[in-house]
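This report goes through a few parts of the structure in turn. Please keep the sequence and the 3D view at hand.

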Amino acid sequence: MIHSLDSVIRQHAFFNELDEHHIQFIVGCAKNVRFDTNHYIFREGDDADQFFFILEGLVSVELMVPTKGSVTVQTVGEGDVFGWSWLAPPYRWHFDARTMRKTHALAFDGKCLRAKCEEDHDLGYEILKRFANVAVERLDATRLQLLDLYGAHV
Amino acid sequence: MAAESIEIGKDLTIEAKHLGQVLTAIAKQGYELVGPTVREGAIVYDRLNSVDDLPRGWTDEQSPGKYRLNRRKDQAFFGYNSGPHTWKRFLHSPLQCLWKCKKNGNAFQIIEETPEARKCAFIGARPCELHAIAKLDKIFTGGTYVDPHYKARRENVFVVCANCTQAGGTCFCASMKTGPKAASGYDLALTEVLEGEDHYFVVSVGSERGAEVMVAIPHRDASEKDHETVDRIIAETASHMGRRLDTTGLKELLYRNADSAYWDNVAKRCMTCANCTMVCPTCFCTTVEDVTDLAGDQAERWRRWDSCFAMDFSYIHGGSVRMTAKSRYRQWMTHKLAAWVDQFGEFGCVGCGRCITWCPAGIDITEEASAIRNSEPVAVGAR
Amino acid sequence: MAHTFELPIIEAPVMLDPMMPVPYRIERVKRETNDTFTLGLMPANGVGVTSFGPGQFNMLYIFGVGEVPISISSDPRSCPALEHTTRVVGPVTKAMGGLKRGDVIGIRGPFGSRWPVTEEMGRDFVIVTGGIGLAPLRPALYQLMAQREKYRKIVLLYGARTPQDILYRRELEHWRGKFDLEIQVTVDRGGGNWRGNVGVVTTLISRAPFDPSETVALVCGPEVMMRFAVMELQKRGVRSPKIFVSMERNMKCAVGFCGHCQYGPAFICKDGPVFSFDRIEPIFGKAEI
């Protein structure tokens with residue numbers, strides 16, 4: 001189990017070029033998780049102590065909107081890293097995350113990683129660099145979505 | 001006296017008093033004479049009934065945003081430079097019906113408007129204008145698609161060029177290599193010489209039809225002295241240009257500076273009035289209008305002149321691509337001096353200076369080009 | 001920076017009189033979405049377009065109203081029958097949307113450059129499109145499917161506004177099933193029973209299954225979407241000469257005379273609308289060009 005986790009993590013671009021001892025630590029924080037369809041991985045308001053790396057499947061990032069019900073803001077799928085509320089206080093999820101199909105992911109212990117980052121600033125910097133990149137990409141995509149490019153012009 | 005036949009490329013000399021006969025001879029061949037004439041304080045191009053309609057003894061005074069007619073001390077026929085009209089209005093009509101259409105139940109029938117093939121003689125066309133006409137020829141008859149209306153008119157034009165014997169205040173044909181003397185593109189080219197008591201024209205014969213016209217006109221072969229006189233006058237004209245445009249690396253310069261802050265400077269002054277495009281001899285943009293009668297049974301498509309300075313010129317999907325005056329001025333200047341080179345292998349500007357004269361804000365394209373060049377750090381590009 | 005615009009030489013087109021509309025009868029009107037419809041057309045008098053390339057467009061004339069450039073969205077093999085999928089964005093397209101079977105419109109064309117389908121056999125093809133952008137790419141898809149074995153991986157990444165705005169649904173399903181065509185659809189806004197991707201189409205590029213070194217990318221949609229799509233493709237290593245975009249500007253004549261469609265030195269009506277990205281890279285994305 002640990003071996004397959006190890007190789008997956010090492011191969012992925014997100015963890016590229018990390019120092020060996022950092023990788024080992026991260027592997028230690030990781031575990032394999034599988035979800036059925038229509039499963040809430042977390043809900044808005046829950047403690048945010050994890051982040052996820054999707055190996056297979058599709059997850060809907062949603063918000064419960066009164067009179068509209070659950071509105072999917074975005075979906076994240078294979079190869080995506082999601083969940084960064086674990087990085088900033090008050091460490092609570094701002095959205096619901098619900099699987100749209102059977103999903104296989106790696107779940108990382110954010111609480112543990114947070115503590116280690118406080119101790120080892122080198123690791124902290126590497127992690128934050130990578131999450132900043134994810135945030136930028138996600139922000140770009142969200143902004144495009146906001147533009148409603150296919151919407152009516154006149 | 002008059003030779004039986006005249007070779008093309010020959011130079012003749014005629015007395016100024018015989019100019020009228022030349023015009024009459026051309027008219028006799030069925031050409032409607034169109035040329036410069038004074039009207040409402042400007043020299044415009046209109047129908048000429050005789051040589052008396054020419055602006056004899058008039059000259060123009062031009063500078064950025066300024067145009068005045070003044071009396072000359074002499075009686076030169078072509079002692080001015082340019083007016084607000086260009087020959088393009090006779091080749092590429094400001095308003096042209098393209099076709100008419102009649103409804104037939106669900107269907108409709110389109111009747112093409114027959115291209116007008118009226119014989120027209122351009123009297124007194126300037127060398128820069130001949131280049132301008134050649135540029136329009138390339139656009140409308142030299143590509144994959146041919147404009148039948150332009151073609152019909154163009155094929156029936158007789159060109160009498162008047163080489164420039166003085167340079168105007170906004171002229172820069174020398175920079176654009178389009179004058180002051182015409183090398184080709186004419187049936188006849190006249191260089192007027194008015195020195196002391198002498199008043200004559202050295203006439204270059206450019207075609208068979210030109211030769212045919214000159215056969216019956218009293219003339220002699222141009223002498224060595226005539227040629228020297230012409231060369232002297234032309235050289236003097238070339239050295240007294242009102243403006244200068246450095247064309248070195250001009251295309252790259254403009255492309256390179258698309259984002260230059262300098263365009264904001266022009267934008268403050270440009271009112272996007274479109275005068276420059278209306279008076280420019282090479283601007284060719286048009287728009288199309290589809291109209292119907294009240295009953296909705298007949299429709300027509302009309303083409304009319306348009307300008308890239310118009311707000312809705314670049315309109316798509318609820319907005320215009322070029323919304324600001326800055327972007328529209330940039331578009332016009334970059335097209336004229338850069339993009340045209342990529343499109344047609346030459347500059348779109350002939351150095352006639354009309355855009356400078358007729359700009360109400362006095363914006364000078366040669367100065368703008370200079371300013372952009374000087375706005376670059378010395379290391380970049382050629383100076 | 002080198003600024004050489006080498007504009008491609010377009011071969012002489014096989015077309016009707018480029019200045020005069022030729023009557024076409026509407027055989028079929030299909031409402032695709034609430035503002036998009038497809039007209040199925042046949043020549044009214046036996047004379048019609050004999051061939052066209054994917055990516056080309058016609059000028060469609062609505063009697064007494066006006067003329068608009070619309071990409072051809074049918075199978076090139078079906079000529080002279082034509083299909084035009086159109087979105088209502090102004091008075092002419094609005095009038096077009098009100099037409100019925102049996103009505104006649106005028107067609108001039110075909111004009112413009114083509115998607116390089118026949119030129120790039122043996123490659124992976126990635127098609128990135130959004131909204132009505134799929135319509136000009138449909139002929140390319142037909143051409144790809146017609147000779148499927150001549151190409152390697154074909155991936156279609158398609159972004160629509162909402163699930164209700166997805167065009168050619170049945171056809172896409174058919175292609176997905178019948179040919180080896182990978183289709184990934186995403187919507188800007190989900191809702192209802194939508195169980196698929198939600199998010200802009202550009203997010204699908206980073207993990208789409210293609211080999212960047214062997215790929216030709218065809219991109220069509222709103223200019224902003226194309227800008228980001230090109231960025232993502234380049235991030236993955238697809239080179240500019242192998243990325244093709246379809247540009248759009250105001251058009252009045254479609255024959256290079258009116259000057260309206262100029263984009264830098266290019267006339268979109270005859271040098272485009274399809275451009276390889278390297279040709280327009282110096283001006284692409286520049287404001288108000």
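## A covered strand in chain C

Strand β3 of chain C, residues 57–62, is mostly covered, with six of its six residues buried. The model is a predicted one. From β3(C), C:Phe57, C:Met59 and C:Tyr61 point one way, while C:Asn58, C:Leu60 and C:Ile62 point the other way. Residues on both sides of β3(C) are buried.

Which strands pair with β3(C)? Strand β6 of chain C (residues 104–111) pairs with β3(C) in the antiparallel sense, and strand β4 of chain C (residues 66–71) also runs antiparallel to β3(C). The table lists the two pairings.

| Partner of β3(C) | Residues | Sense | Bridges | Example of facing residues |
|---|---|---|---|---|
| β6(C) | 104–111 | antiparallel | four | C:Phe57 and C:Phe111 |
| β4(C) | 66–71 | antiparallel | six | C:Leu60 and C:Val68 |

β3(C) and β4(C) form a hairpin, and three residues lie between the two strands. In the turn, C:Gly64 has a positive phi of about 75°.

## Nonpolar cores

The largest nonpolar core has 193 residues. Within this core, C:Leu157, C:Leu218 and C:Val219 have the most contacts. Helix α11 of chain B, residues 325–344, gives the most to the core, with eight residues.

What does C:Leu218 touch, leaving aside its neighbours within four places in sequence? The contacts of C:Leu218 are then C:Trp115, C:Phe125, C:Ile127, C:Leu137, C:Ala140 and C:Phe244. Another core lies apart from the largest one and has 21 residues, including A:Ala48, A:Leu58, A:Val81 and A:Met100.

## Two domains of chain B

The domain assignment of chain B gives domain 1 as 11–238 and domain 2 as 250–297 + 308–374. Taken over C-alpha atoms, the centres of domain 1 of chain B and domain 2 of chain B are 26 Å apart. Contact between these domains of chain B involves 29 residues of domain 1 and 24 residues of domain 2.

Which elements supply the side of domain 1 of chain B that touches domain 2 of chain B? At least two residues each come from β5 (66–71), β6 (95–104), α3 (127–141) and α5 (173–176) of chain B. α3(B) gives the most to this side, with eight residues. By class, the side of domain 1 of chain B that touches domain 2 of chain B has twelve nonpolar, ten polar and seven charged residues.

How values were computed: Residues are numbered from 1 along each chain as its sequence is written. Chains are lettered from A and ligands numbered from 1 in the order in which they are written. This is a predicted model: local features need pLDDT of at least 70, side-chain atom pairs count only at pLDDT 80 or more; totals for chains, interfaces and linings use all residues. Domain bounds come from an automatic or database domain assignment. Two residues are in contact if their C-beta atoms, placed from the backbone, lie within 7 Å. Ala, Val, Leu, Ile, Met, Phe, Trp, Tyr, Cys and Pro count as nonpolar, Asp, Glu, Lys and Arg as charged, and the others, Gly among them, as polar. A residue is buried if 20 or more other C-beta atoms lie within 10 Å of its own, exposed if 12 or fewer, and partly exposed in between; C-beta atoms are placed from the backbone. Two strands pair if DSSP finds at least two bridges between them. A nonpolar core is a set of buried Ala, Val, Leu, Ile, Met, Phe, Trp, Tyr and Cys residues joined through C-beta atoms within 7 Å.
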